[in-house]
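Open the structure in your viewer and keep the selection tool at hand.

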Amino acid sequence: MNNKSAPSHTPVLLPEAIEALAVQPGGRYIDCTLGGAGHAAAILDKSSPGGQLLGIDADPKALEAARKRLQNYKDSALLVNGNFADLQAICLKYDFFPVHGILFDLGLSSLQLNNAGRGFSFQQDAPLDMRFSPDQKVSAADIVNTASEAKLASIIRTYGEESHSSRIARHIVGERPLKTTRQLASLIEKTIGRRGRIHPATRTFQALRIAVNRELENLESALRQAVDLLGYEGRLVVISYHSLEDRIVKQFMRTESRDCICPPHTPTCICGHTASLRLINKKVITPLATEIKSNPRSRSARLRAAERITEQEDCCEVIDEPAFSTIIKTRGWRKPVLLQKVRTVFFAA
Ligand SMILES: C[S@@+](CC[C@H](N)C(=O)[O-])C[C@H]1O[C@@H](n2cnc3c(N)ncnc32)[C@H](O)[C@@H]1O
C-alpha cells in the first residue's frame with residue numbers, strides 16, 4: 001500500500017469490509033464511494049495479482065486524492081468521476097461487469113468535512129454549499145433561502161429526525177437570506193438552545209446535506225443497480241452512518257433475500273418475487289471499541305453484506321465458432337469474464 005501521501009481520512013471497518021467482500025486474487029471490484037481510497041487500496045492489495053477495481057466518486061477533489069494514493073496501481077484501477085446513481089451506465093461505458101464485489105461506504109469523508117470551503121461543517125465558517133459535486137445545481141444555500149417553510153420543516157424532520165424542525169424552519173424563513181454555516185448554526189442554537197454535548201445544529205446540517213445530494217434516493221437506486229452487476233456469488237457490502245440509510249440497506253437486503261414478499265397472512269403467494277441475495281451477516285456489523293477509540297468518526301458505522309445467489313440472465317442465442325473467435329479477438333477479453341460477456345452481448349443484441 002502506498003502511504004507517501006497519507007490521506008487524512010481513515011477507512012472505517014476496513015478488515016470487516018474486506019472480509020465481507022471476500023476479496024480474492026484476480027477479482028473485479030467496484031468501490032462506489034472512493035473517497036481517500038483507503039478501502040480501494042486494501043481491495044487492490046488483496047486482489048493482487050490480477051485484481052481490477054473501478055472506483056467512483058462524485059467529488060472531483062476526492063478523485064484527485066485517490067489518484068495520488070493509488071499511483072502504484074495505475075494498471076489495475078480505473079477511477080471515474082460520477083454519481084453512483086449512474087452505476088450501471090458507468091459500468092456499461094467502461095465494460096466493467098459482472099464483478100465479484102461492490103462496496104458503498106456512504107456519506108462524506110474527513111477530507112470533505114475538514115475542508116473549510118465545502119460548507120459541510122459548522123465548525124468552520126463557509127458558504128452554505130454541501131454539494132459532493134460542483135456539477136450539482138442545488139446547494140444548501142438554495143434550499144435554505146428558497147424552500148417554503150413547510151418544505152424546510154419536512155426536510156429537517158425527515159432527514160435530520162429533528163423534533164424541533166417546525167421551529168427551526170420558521171426561524172430560518174424569518175431570518176433569510178442566510179449565507180454561511182456559522183450564520184445558520186448560531187440561528188439554530190438561538191432557536192432551540194444547547195443541551196448535552198451534541199451541537200444543536202448537527203441534525204439540521206445532516207438533513208440539508210442529505211437533501212442537497214439526494215442521498216437516500218441515490219442509494220435506493222444504486223443498490224438495485226448493484227445487484228444486477230454482480231456475478232454469481234458476488235458480494236454487496238454497504239457501510240452506513242445514520243439510521244435512515246441503514247434502514248434502506250437493511251430493508252433492501254431483507255427483501256431481496258426472500259422468495260415471497262406478499263403481505264403477511266396472504267394465503268398463497270401472488271408476488272412472484274424470487275430471492276436474488278443471501279445475507280452474509282444476519283446481525284449488523286459495528287466497529288470494535290478499539291476502532292471507535294482510535295477513530296471516533298467510526299462510532300455510528302454499520303456494515304451489512306449480502307451475496308448474489310442468482311446467475312446473470314442467460315442468453316438463448318447460438319453463435320458459430322468464427323463469430324465467437326472474432327468477438328474474443330476484437331474485444332481483448334480474458335477468460336473469467338468471457339462467457340458472461342458473450343452472454344451479455346448476445347442477450348442485449
Ligand atoms: C465515507 S467517504 C468514502 C471513504 C473511502 N471509503 C476511503 O476509504 O477513503 C464517502 C465518499 O463517497 C462520495 N459519495 C457520496 N455520495 C456519492 C454518490 N452518490 N456518488 C458518488 N460518490 C459519492 C463522497 O464524495 C465521499 O468521497
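**Stop one: the largest pocket**

The largest pocket holds about 1400 Å³ of space. Here a pocket is found on a 1 Å grid over the protein atoms alone, as an open set of points with protein on both sides within 12 Å along at least five of seven lines, and its lining residues have an atom within 4 Å of a point. The volume is the space filled by probe spheres set on the points, which are joined across faces, edges and corners.

Before you go on, a note on what is on your screen: this is a predicted model, where local features need pLDDT of at least 70 and side-chain atom pairs count only at pLDDT 80 or more, while totals for chains, interfaces and linings use all residues. Residues are numbered from 1 along each chain as its sequence is written, and side-chain values use heavy atoms, with hydrogens and water left out.

Now select Phe122, Ile198, Thr202, Gln206 and Arg299: of the 35 residues that line the largest pocket, these are the closest to its centre. Next, colour helix α10 (residues 202–212), which gives the most to this lining, with 5 residues. Helices (H or I, at least four residues) and strands (E, at least two) are DSSP runs, numbered from the N terminus. By class, the pocket lining has 11 nonpolar, 14 polar and 10 charged residues. In this scheme Ala, Val, Leu, Ile, Met, Phe, Trp, Tyr, Cys and Pro count as nonpolar, Asp, Glu, Lys and Arg as charged, and the others, Gly among them, as polar.

**Stop two: the cavity**

A cavity is a set of grid points where a 1.4 Å probe fits but cannot get out. How many cavities of 30 Å³ or more are there? The count is 1. The largest cavity contains about 420 Å³ of space. Select Thr33, Phe84, Asp105, Leu106 and Gly107, the closest to its centre of the 34 residues that line it. Two elements give two or more residues to this lining, α2 (38–46) and α11 (215–229); α11 gives the most, with 4 residues. The cavity lining is made up of 13 nonpolar, 14 polar and 7 charged residues.

**Stop three: the ligand**

Where does the ligand sit? Look in the largest cavity; sitting there means that more than half of its atoms lie within 2 Å of the cavity's grid points. Of the 24 residues around the ligand, show His39, Asp57, Phe84, Asp105 and Gln112, which come nearest; a residue counts as near if one of its heavy atoms lies within 4 Å.

Zoom in on the polar contacts (pairs of N or O atoms within 3.5 Å; within protein, one must be able to donate a hydrogen and the other to accept it, and residues adjacent in sequence count only if both atoms are side-chain atoms):

- His39: a side-chain N or O atom is 2.8 Å from a nitrogen atom of the ligand.
- Asp57: a polar side-chain atom is 2.7 Å from a ligand oxygen atom.
- Gln112: a side-chain N or O atom is 2.8 Å from an oxygen atom of the ligand.

**Last stop: a cis bond**

Finally, select Ser48 and Pro49, which are joined by a cis peptide bond with omega of about 0°. Pro49 lies in the loop between α2 and β2 (52–57).
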